[in-house]
Amino acid sequence: MEAFQVAIAERVAEQHRHHGKSQFFVVWAALLVMTAIEVYLTYQNMQPVRMLTILMGLSLIKAALIIGYFMHMKYEISRMKWLTMCSLVACLALMMIFFPDALRIISLGVK
Amino acid sequence: MADATLTHDPPAAYEPSLFGTYSKKIGMWLFLLSDSLTFGALLYAYSYGRISTPNWPTPFHSESIVNATIMTAFLLTSSLTMVLAVRASVHGDAKTQRLWLLATMACGMGFVILHGREWTKLIAEGLTLPVFPKQPGQAAGGEFADVSKTVPQFAATFFGLTGMHMLHVTLGVIYLGVIALRRNFIPILLVFWLAAWLGTPAYSPFHYGSHVILVAAIVCSIVLWLKPKVYDSSDVEVAGLYWHFVDLVWMFIFPLVYLMSAKIL
């Protein structure tokens, strides 16, 4: 690496040295608990739409924990956080344009 | 017109990064953003099929749900061991870093083995793709014999999505192996390839799928031969980003594909 890249990497490593080990275990336990809740809900015969809403809500929380703590996004500068996350969410949201078409197929009665 | 004097600052010894971090890490983030769109497209394709198909199959019995839950626990635990490996690397503790990396690889391999077992079971019961070889005695009366014909979108999206994820996990294990063991990992990788190739029957998709490991071994050999180096904490952190990403994607595949298609009696 270039000298200034090494300097930046060293600074990032220095930031990581201050992360407590215990917070990673707490995040891991929270992820396992949320997974257990998801599996528990599967056995409750809930309405599919309601269950999907809860499962996706839990998945988004799990994703935020993984990105924030395990991938260290929480400790990046705000420009990095906003640019990466906003572009990702915008692109994924654009793909939802296909869903009305899926519903249209049902109403057309296509087998 | 007044004369203007343009002055330049002397070149700086330290140029701050636009994103506050080193370029290798920014490169991995950009790759992960593009890869998340690949998985996003596959997840949307699966969801599209699910919404538009009234008779969408629900093939996952309690046994499959338990299996997928253990797989999820493997991945979550592997993320913990990975982050501990990164922590050990920034503290300069090479031995602990290697042990955590090996633990991460073990969890990843456990995930792939359980996933392979799940696929094998579903294929034996008749859920298949036209590109898969025909199995002897496969499922004329299997539970999913009709599913592949009446709702072909299910098998296509299920195997496409989970297969792409399994490929990512496999390549992730290889990536971590190279970071942890460097050249010493190549013979181990070749042993894995032989075990996967010879240990699976010829009609299994994993029989020819195992050649991914051989290709990876060749690519890794070339990379390690061209640019041998001792991987530092930034390399471990960048590898960790990739590994956490495959965990992150599974957090959406598990509920959408398995839990929402569970057949709980």
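Chain B has nine helices and zero strands in its secondary structure. Please keep in mind as you read that this is a predicted model. Followed from the N terminus, the elements of chain B run α-α-α-α-α-α-α-α-α. The C-alpha trace of chain B spans about 85 × 55 × 30 Å along its principal axes. Chain B has 265 residues, and 39% of them are buried. If you look at the contacts in chain B with a separation of 6 or more, 74% join residues 24 or more positions apart.

Chain A is also built from helices: its secondary structure comes to five helices and zero strands, and along the sequence the pattern reads α-α-α-α-α. Here 20% of the 111 residues count as buried.

## Where the chains meet

How many residues of chain A are in contact with chain B? The contact takes in 45 residues of chain A and 45 residues of chain B. Helix H1 (3-17), helix H2 (21-42), helix H3 (48-70), helix H4 (78-94) and helix H5 (99-108) of chain A each contribute at least two residues to the side that touches chain B. Sorted by class, that side of chain A holds 31 nonpolar, eight polar and six charged residues.

## H5 and H9 of chain B

Two packed helices are described by the angle between their axes and the distance between the axes. For helix H5 (residues 152-181) and helix H9 (residues 233-258) of chain B, the angle is about 160° and the axes are 10 Å apart. Angles over 145 degrees count as roughly antiparallel, so H5(B) is roughly antiparallel to H9(B). The crossing in which H5(B) passes H9(B) is left-handed. On the H5(B) side, the residues that meet H9(B) include B:Phe158, B:Leu161, B:His165, B:His168 and B:Tyr175. Their counterparts in H9(B) include B:Asp235, B:Tyr242, B:Trp243, B:Trp250 and B:Val257. The residues of this contact divide into 15 nonpolar, four polar and one charged.

At 1.5 Å a residue, its 26 residues should span 38 Å, and the end C-alpha atoms are 36 Å apart, which agrees. Is H9(B) mostly covered or mostly open? H9(B) is mostly covered, with 23 of its 26 residues buried.

## H1 against H5 in chain B

H5(B) also packs with helix H1 (residues 23-52) of chain B, at an angle of about 160° and with the axes 10 Å apart. That angle makes H1(B) roughly antiparallel to H5(B), and the crossing of H1(B) and H5(B) is left-handed. H1(B) brings B:Leu42, B:Leu43, B:Ala45, B:Tyr46 and B:Gly49 to the contact. From H5(B) come B:Gln153, B:Phe154, B:Thr157, B:Gly160, B:Leu161 and B:Met164. By class, the residues of the contact of H1(B) with H5(B) are seven nonpolar, four polar and no charged.

## H6 and H8 of chain B

Another pair in chain B is formed by helix H6 (residues 185-198) and helix H8 (residues 211-226), whose axes come within 9 Å and cross at roughly 165°. H6(B) is therefore roughly antiparallel to H8(B). The crossing of H6(B) and H8(B) is left-handed.

Which residues of H6(B) meet H8(B)? They are B:Ile186, B:Leu189, B:Leu190, B:Phe192, B:Trp193 and B:Ala196. Facing them in H8(B) are B:Ile213, B:Leu214, B:Ala216, B:Ala217, B:Cys220 and B:Ser221. The contact of H6(B) with H8(B) has 11 nonpolar, one polar and no charged residues.

## A look at B:Trp100

B:Trp100 sits in helix H3 (residues 94-124) of chain B. Why does B:Trp100 count as buried? A residue is buried if 20 or more other C-beta atoms lie within 10 Å of its own, and B:Trp100 has 25 C-beta neighbours inside 10 Å, so it counts as buried.

Leaving aside residues up to four places away in sequence, B:Trp100 touches B:Thr81, B:Leu84, B:Ala85 and B:Ala88. B:Val86 is 14 residues from B:Trp100 in sequence, and their C-alpha atoms are 8.7 Å apart in space.

Terms used: Residues are numbered from 1 along each chain as its sequence is written. Chains are lettered from A and ligands numbered from 1 in the order in which they are written. This is a predicted model: local features need pLDDT of at least 70, side-chain atom pairs count only at pLDDT 80 or more; totals for chains, interfaces and linings use all residues. Two residues are in contact if their C-beta atoms, placed from the backbone, lie within 7 Å. Helices (H or I, at least four residues) and strands (E, at least two) are DSSP runs, numbered from the N terminus. Ala, Val, Leu, Ile, Met, Phe, Trp, Tyr, Cys and Pro count as nonpolar, Asp, Glu, Lys and Arg as charged, and the others, Gly among them, as polar. A residue is buried if 20 or more other C-beta atoms lie within 10 Å of its own, exposed if 12 or fewer, and partly exposed in between; C-beta atoms are placed from the backbone. Axes are lines fitted to C-alpha atoms, for helices over the stretch in contact, and angles run from 0 to 180 degrees between N-to-C directions. Angles under 35 degrees count as roughly parallel, over 145 as roughly antiparallel, 65 to 115 as roughly perpendicular and the rest as oblique. A crossing is left-handed if the near helix is turned anticlockwise from the far one by less than a right angle, and right-handed if clockwise. The expected span of a helix is 1.5 Å times one less than its number of residues.
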